[in-house]
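Here's a quick briefing to read alongside the model. Have the structure open and follow the topics one by one.

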Amino acid sequence: MKFMKLGSRPDTFYTSEAVRSVSSEVSSDLIIQVKGSRYLLHKFPLLSKCLRLQRLCSEYAESSQHQIIQLHDFPSGVEAFELCAKFCYGITITLSAHNIVAARCAAEYLQMTEDVEKGNLIYKLEVFFNSCILHGWRDSIATLQSTKAFPLWSEDLGITGRCIDAIACKVLTHPSKVSLSHSYSRRGRDDMSCNGAESLRHGKPGNKGWWAEDIAELGIDLFWRTMIGIKSGGRIPSNLIGDALKIYAAKWLPNISKNGYSKKAASTSDSDSDSGNDLTSKHRLILETIVSLVPAEKGATSSSFLLKLLKAANILNASSSSKMELAKRVGLQLEEATVGDLLIPSVPHEAKGTRYDVDIVMTILEQFKLQGQSPPTSPPRSKLGNFQRRRSRSAENIDFEFQESRRSSSASHSSKLKVAKLVDVYLQEVGRDVNLPLAKFIAIAEALPEFARLDHDDLYRAIDIYLKAHPDLNKSERKRLCRILDCKKLSMEACMHAAQNELLPLRVVVQVLFFEQARAAMAGGKVTDLPSNIKALLASHDIDPTRSPPPLSASSIIPADDQWSVSGLKSPKSKMSTLRMKLEEHDDLDDNGIGRSSRLKALCLLPTRPKRMLSKLWCNNRSGTTASEKN
């Protein structure tokens, strides 16, 4: 820290009976009351340098031996007044970044200007402030922090603005060119006289974000103004701005636990509700200010940090605009998030009933779908027209642009695949909530395009978890839930589980068996004999499993609404999408047995070939049947 000493006389101020006086052979003739303290001083040295005291003495009539002046609206404390008084007496005073603001405000109030005397205190303070304080990094920050005690005076005198400009300028400068040390060298002394040399100076770090920790010491208002000044320079990368915001949030925002509450905030709220509300309001202001400073560039801040801010926004009841802004930023880089990040606790006072806020996640998914438009898959026609006439370097440039376009398109596709995996695992977590409505579960599952899921195993697990957590779902609701499942995309293990899952509608079980047999049929094999329990199921619907099936082209047996496009089995090249079962929109087909019967008949019409999944399933069923018969 830099400092400046003024005056040469020793300190002769003393306290006697709660009155501050100065030792002198001349009797005192002036009493000044400041902030509840009384000073017994002399007119001559004070009035010769303080224009306000001259005017006040001329206005107040002398009474007896001492003239009394009261300074009710003095801006600084008694320490600053005493510092100005000592300057008038020629007593040595020490000025630094910690007391220069108070001294400057006090000198301005007392009007210690050059008009009164040359080389007065205001002039000396301004020289020290401009030539020393503003040139030092830590001095500028310490001075800026001290302005919060005198906000109006500091603004009027330009102290706050000049400190912010100096800090922003140093951030935009290379660290090696910044005078004095910062947070990385705080452990050692860093004193320096204005005209002297620095003592125990430490080396400068090469980290580009060296300034972030020191900036985080500022209050939220000063931090916001400083960050605006830094961002307006346009020379600091957006990721460094994001790092600075992350450091500030970690220092000033409460730690949001997994269940959405801060231990510190909870204890404050229990002990004193009023102070707890004030603390919440302060945290809300900090959060909303940080959100307003988040850079617009993608990747400037991590998805994890943005989602932590979103969790805090929910708990602190931040403005809807701040939540929406965070949701937009998360949607731009959702593929980087984890399931734990997306588990945002619901706001307790809104009484939504659900444990996690799925509405905000739905908003994030909508924002994710809005971005990621695929670029053109071929170069513009105008460029292709000149392709033959240009030199080889131009042709290489066009080809490079085309390759970059295709690369960005594939990256967008890969992000959709990652987000689909993320959403399915997220559904497995929130599906355990007994209060989660079916409509919201389905809406989140259908928020992504079908091609984003290469397989439906994770989605099937989520559906199974939801069915177990909601055993009271009726038949139509379970059918509605299972419509989002594509049995063609299930693995063998998932099919084995689904075929024995009693919670699934019968149509889904039949569909699983159908598509597994369809895969076997495309390979031209034969099917093993059906187990006894499946034979009994078929017999209950008047279907003879021993009867030879008609040719695959005989579609008249299957009602038009239930046809599964079995003609696709004739050609291996046909798309498996034509095999997907069409689920009825009404429940009456299941009620009168027509729907089940038609599906089970279709199951028997399949070409035959042994399949590992069905073989394992039938073996398990046979062993279970044998055991039951023995018992």
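Start with what covers the buried residues of α6: the list includes β1 (2-6), α4, α5 (121-131), α8 (159-171), α9 (212-215) and α10 (220-232). This is a predicted model, where local features need pLDDT of at least 70, side-chain atom pairs count only at pLDDT 80 or more, and totals for chains, interfaces and linings use all residues. Residues are numbered from 1 along each chain as its sequence is written, and side-chain values use heavy atoms, with hydrogens and water left out.

**Helix α6**
- Helices (H or I, at least four residues) and strands (E, at least two) are DSSP runs, numbered from the N terminus.
- In α6 (residues 137-146), 9 of the 10 residues are buried, so the helix is largely enclosed by the rest of the structure.
- "Buried" here means under 20% relative accessible area, with exposed over 50% and partly exposed in between (1.4 Å probe, protein chains only).
- The buried residues are Trp137, Arg138, Asp139, Ser140, Ile141, Ala142, Thr143, Leu144 and Ser146.

**A buried lysine**
- Look for Lys49 in the loop between α1 (43-47) and α2 (51-59).
- Lys49 is buried, at a relative accessible area of 12%.
- Leaving out residues up to four places away in sequence, Lys49 touches Phe87, Cys88, Gln111, Met112, Val116, Glu117 and Asn120; contact means heavy atoms within 4.5 Å.

- Rings of Phe, Tyr and Trp (its six-membered ring) pair if their centres lie within 6.5 Å; planes under 30 degrees apart count as stacked, over 60 as edge-to-face and the rest as tilted.
- The count comes to 10 aromatic pairs.
- One of them is Phe74 with Tyr109, edge-to-face at 5.3 Å centre to centre and 85 degrees between the planes.
- That pair links distant parts of the chain, 35 residues apart: Phe74 is in the loop between β6 (67-71) and α3 (78-89), Tyr109 in helix α4 (residues 100-110).
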